[in-house]
Amino acid sequence: MLMSAFGGFMWLLFTAMLVLAVVALVMAATAREDAYRAADKQTKNFWLIILGIAVLVNLLVPMLFLQIAGLIATIVFFVDVRPALQQVTGGRGRRGGSSSDGPYGPYNGGR
């Protein structure tokens, strides 16, 4: 009973690490190349390779040490690189606003 619960927990943990790595890889692939340079981060190709290796390790290599290394790379991308890319590219996704929109709505020049 206890061993099956532990096995289920480990399967859930490994699945979560794989999903996070895949999401980070997709986000890294969809960001613009020049945004990485503007944010003063490593290149897009660097992050695609690192996160791609993390995905492959989670899929193919059942070694916890390598999976944890991939998880650390994924966390660094989410915590450090992605916010910097969002700041450089203008925020949180495509909301359809213009370049003169401020945090509380459009700027109309004091009119």
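The side chain of Thr30 reaches the backbone oxygen of Met27 at 3.1 Å. That is a polar contact, meaning a pair of N or O atoms within 3.5 Å; within protein, one must be able to donate a hydrogen and the other to accept it, and residues adjacent in sequence count only if both atoms are side-chain atoms. Thr30 sits in helix α1, and at 61% relative accessibility it counts as exposed. For the terms used here, buried means under 20% relative accessible area, exposed over 50%, and partly exposed in between (1.4 Å probe, protein chains only).

A quick word on what you are looking at: this is a predicted model, where local features need pLDDT of at least 70 and side-chain atom pairs count only at pLDDT 80 or more, while totals for chains, interfaces and linings use all residues. Residues are numbered from 1 along each chain as its sequence is written, and side-chain values use heavy atoms, with hydrogens and water left out.

## The overall layout

The protein has four helices and two strands, and along the sequence they run α-α-α-α-β-β. Helices (H or I, at least four residues) and strands (E, at least two) are DSSP runs, numbered from the N terminus. Of the 111 residues, 23% count as buried.

The accessible surface comes to about 8000 Å², and 68% of that belongs to carbon and sulfur atoms; these areas come from the Shrake-Rupley method with a 1.4 Å probe, and for residues only the protein chains shown count as cover. Now for contacts, which means heavy atoms within 4.5 Å. Among those between residues at least 6 apart in sequence, 63% join residues at least 24 apart.

## The nonpolar core

Which residues make up the largest nonpolar core? There are twelve in all: Ala24, Ala28, Ala31, Ala35, Tyr36, Ala39, Trp47, Leu51, Phe77, Val81, Ala84 and Leu85. The elements giving two or more residues to this core are α1 (2–30), α2 (33–38), α3 and α4 (64–89), and α4 supplies the largest share, four residues. A nonpolar core here is a set of buried Ala, Val, Leu, Ile, Met, Phe, Trp, Tyr and Cys residues joined through side-chain atoms within 4.5 Å.

In soluble globular proteins, nonpolar side chains tend to be buried together.

## Lys44, a buried charge

Lys44 lies in helix α3 (residues 44–60). Lys44 is buried yet has no salt bridge, and the nearest side chain of opposite charge, Glu33, is 5.5 Å away. For the bookkeeping, Lys and Arg count as positive and Asp and Glu as negative; His and the chain ends are not counted.

What does the Lys44 side chain reach? The backbone oxygen of Ala31, at 2.7 Å. Not counting residues up to four places away in sequence, Lys44 touches Ala28, Ala29, Ala31, Glu33 and Tyr36. As for Thr30, its C-alpha atom is separated from that of Lys44 by 9.7 Å, and the two residues are 14 apart along the chain.

## Three salt bridges

How many salt bridges does a search of the whole structure find? Three, where a salt bridge is a side-chain nitrogen of Lys or Arg within 4 Å of a carboxyl oxygen of Asp or Glu. One of them joins Arg32 and Asp34 at 3.0 Å, N to O. Arg32 is partly exposed at 45% relative accessible area, and Asp34 is partly exposed too, at 36%.

Arg37 also pairs with Glu33, the closest N and O atoms being 3.8 Å apart. Both lie in helix α2, four residues apart, about one turn of the helix. Arg37 is exposed at 56%, whereas Glu33 is partly exposed at 31%. Asp80 and Lys41 meet at 3.0 Å, N to O. Asp80 lies in helix α4 and Lys41 in the loop between α2 and α3, so the pair ties together parts that are 39 residues apart in sequence.

Most residues other than glycine have a negative phi. Asp40 has a positive phi of about 60 degrees although it is not a glycine. Asp40 is found in the loop between α2 and α3, and it counts as exposed at 69% relative accessibility.
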